[in-house]
Amino acid sequence: MLTHFIGGEPVGAGKTFPVHDPVTGAVIRQVHEADPEVVDRAVRAAREAARDWAALPVGERAGWMRRLAEGIEARFDDLVDAEIADTGKPIDQTRTLDVPRGIANFRAFAEIAAQRPDDAFHLSGVLSYTVRRPLGVVAVIVPWNLPFLLMTWKLAPALVAGNTVVVKPSEHTPGSAAVFAEICADAGLPAGVVNIIYGYGSSGHLLVEHPGVDAVSFTGSTRTGTAIMNTVAGRVKPLSFELGGKNAGLIFEDCRLDRAVEGTAKSVFTNGGQVCLCTERVYVQRSIFEEFCARLATRAQEFEPQPMISKEHREKVLSYYALARSEGAKVLTGGGVPAFGDNRDSGYFVEPTVVAGLSEWSRFNREEIFGPVCHVAPFDSEAEAVDLANGSEYGLAATLWTGNLDRAHRVAQRLEAGLVWVNTWYLRDLRTPFGGMKLSGIGREGGVQSLDFYSQPTTITIRLEQPDV
Ligand SMILES: NC(=O)c1ccc[n+]([C@@H]2O[C@H](COP(=O)([O-])OP(=O)(O)OC[C@H]3O[C@@H](n4cnc5c(N)ncnc54)[C@H](O)[C@@H]3O)[C@@H](O)[C@H]2O)c1
Ligand SMILES: O=C/C=C/C=C(\O)C(=O)O
């Protein structure tokens, strides 16, 4: 039974809900669900801890971040196990991406914060400088696809900037957050600096609307982002939103085809397509279209299927497979449910899928699916490729494959996306701005952009005595 972590203590109040193993569908844990009383208790604990935490020198908070990174290292295997149990992710990915990024997130923000200078401006005897102070209590609401990576990506900068936090992980993936609560307690982190509560969207709603919450940092769907924005509008709480995507991949005839096929396959099928950065629209220059499609379809068949997070999400993805057919698509590979002949048949798997032949205006090509699936379409000119990529209401990420350096820069700078990868995908430098345009989000996190969101400046202006010379 997982209990909330509030004021440094386990709190086991409230109703409970089950978490399922996506590989087999079996119930693997029961978790307490945060009701209004629990949410209030967590926010109060965070408020009580806020003043002392904010008063620590940033170097000391950076020291805490390094200790948390060490704590994660010490519990590495437990975190891997918890993450795999809740998500069914491949162990290789969990050991090389999800958990290491938790460590890297704390280390990176410790350095960035400790080294950041404040601004100062001097002009004609007027000196202005800024001091930054934390926002107070930040609600951190995160999804199920990269649970530990995304939680720590927000926690580290929020904490090092001097805020205290109440985190609500996804109802599907509380396990790694529960291990992290133990890490905070074992490290001796002051009580109330990190509070973790569990529950569905209804618990998240109670948290963001609580008057003791000063700001909301949210990663999840555009639909939930809209709901949160409405909830907090009356109190004009600062929001950071990392939302959905409908990301394009552009494959030019001058690319290294083997790398483009492999990279595109990874960008479509990694984590079962359940990464906001995954490619769902692939545009290929006509001269190499047939060959590229054939090779991508072959590569899709080799991918070890990863389960969808839940029965409902699997139904959603399968409904898009059906939609593709009803909208007139040609299915190049997949489109169904794999049969294993063992207990995985009661899990939440779908086949990696590639389809073609749909209009840009089809629902399939406009809506985020969040599964191991893409649509492939040909283009004739660079200008057309850019227009096709930009013809989406989303603007999170884009990937382009070309051997022409001029083209790479020209196209990358014209794409309406917060992130553009050239001849690679999901390669990260944690100091860079991360986030999306249009329906994909508000603001950027990463590096000093995170510190800017999780703090607010006061500008102090002083008229200096003019020297008598
Ligand atoms: N841009 C990014 O960096 C990024 C990263 C990962 C995932 N995502 C997006 O996340 C989505 C998949 O995750 P999901 O299905 O868990 O998203 P979701 O929006 O359904 O849920 C995200 C979180 O919000 C909570 N929540 C739901 N309703 C709420 C409400 N009314 N008020 C407050 N909290 C509420 C959920 O319980 C969960 O913890 C996809 O759209 C994906 O693109 C974006
Ligand atoms: O599913 C979305 C992935 C988001 C990734 C990050 O926020 C990151 O790598 O920092």
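1. A polar contact is taken here as a pair of N or O atoms within 3.5 Å, and in this predicted model a polar side-chain atom of Thr-224 lies 2.7 Å from an oxygen atom of ligand 1, so that the pair falls inside the cut-off.

2. Two further contacts of ligand 1 involve the backbone: one of the ligand's oxygen atoms is 2.9 Å from a polar backbone atom of Val-142, while a nitrogen atom of ligand 1 is 2.7 Å from a polar backbone atom of Leu-243. On its own, ligand 1 exposes 860 Å², and the protein buries 88% of that area. The shell around ligand 1 holds 28 residues, of which Glu-171, Ser-221, Thr-224, Leu-243 and Glu-368 come nearest.

3. Around ligand 2 there are 13 residues, and those that come nearest are Arg-101, Asn-145, Cys-276, Tyr-426 and Arg-428. A polar side-chain atom of Arg-101 lies 2.7 Å from an oxygen atom of this ligand; an N or O atom in the side chain of Tyr-426 is likewise 2.7 Å from an oxygen atom of ligand 2, and for the side chain of Arg-428 the distance from an N or O atom to a ligand oxygen is 2.7 Å. Helix α5 (residues 147-160) supplies the largest share of the shell around ligand 2, namely 3 residues.

4. Turning to the fold, 7 strands form an open sheet with mixed pairing, in the order β14-β15-β16-β13-β12-β18-β19. Its edge strands, each pairing on one side only, are β14 (330-333) and β19 (419-422), and from one strand to the next the twist averages 25 degrees.

5. Within this sheet, strand β12 (residues 247-251) and strand β18 (residues 397-401) run parallel and pair over 4 bridges, and Ala-248 has Ala-398 in β18 as its bridge partner. Helix α13 (residues 382-390) packs on the sheet, where it touches β12, β13 (279-285) and β16 (373-379), and the direction of the helix makes about 150 degrees with that of β16.

6. As for charged pairs, the count comes to 26 salt bridges, and one of them joins the side chains of Asp-214 and Arg-47, with an N to O distance of 3.2 Å. This pair links distant parts of the chain, 167 residues apart, since Asp-214 sits in the loop between α7 (201-209) and β10 (215-219), and Arg-47 belongs to helix α1 (residues 36-55).

Note on methods: Residues numbered from 1 in each chain as written. Chains lettered and ligands numbered in written order. Predicted model: local features only at pLDDT ≥ 70, side-chain atom pairs only at ≥ 80, totals over all residues. Heavy atoms only, no water. Pairing = 2+ DSSP bridges. Helix = DSSP H or I, 4+ residues; strand = E, 2+ residues; numbered from the N terminus. Axes fitted to C-alpha atoms, helices over the stretch in contact; angles between N-to-C directions. Contact = heavy atoms within 4.5 Å. Near = heavy atom within 4 Å. Polar contact = N/O pair within 3.5 Å; in protein donor to acceptor, adjacent residues only side chain to side chain. Areas by Shrake-Rupley, 256 points an atom, 1.4 Å probe, with all protein chains shown as cover. Salt bridge = Lys/Arg side-chain N within 4 Å of Asp/Glu carboxyl O.
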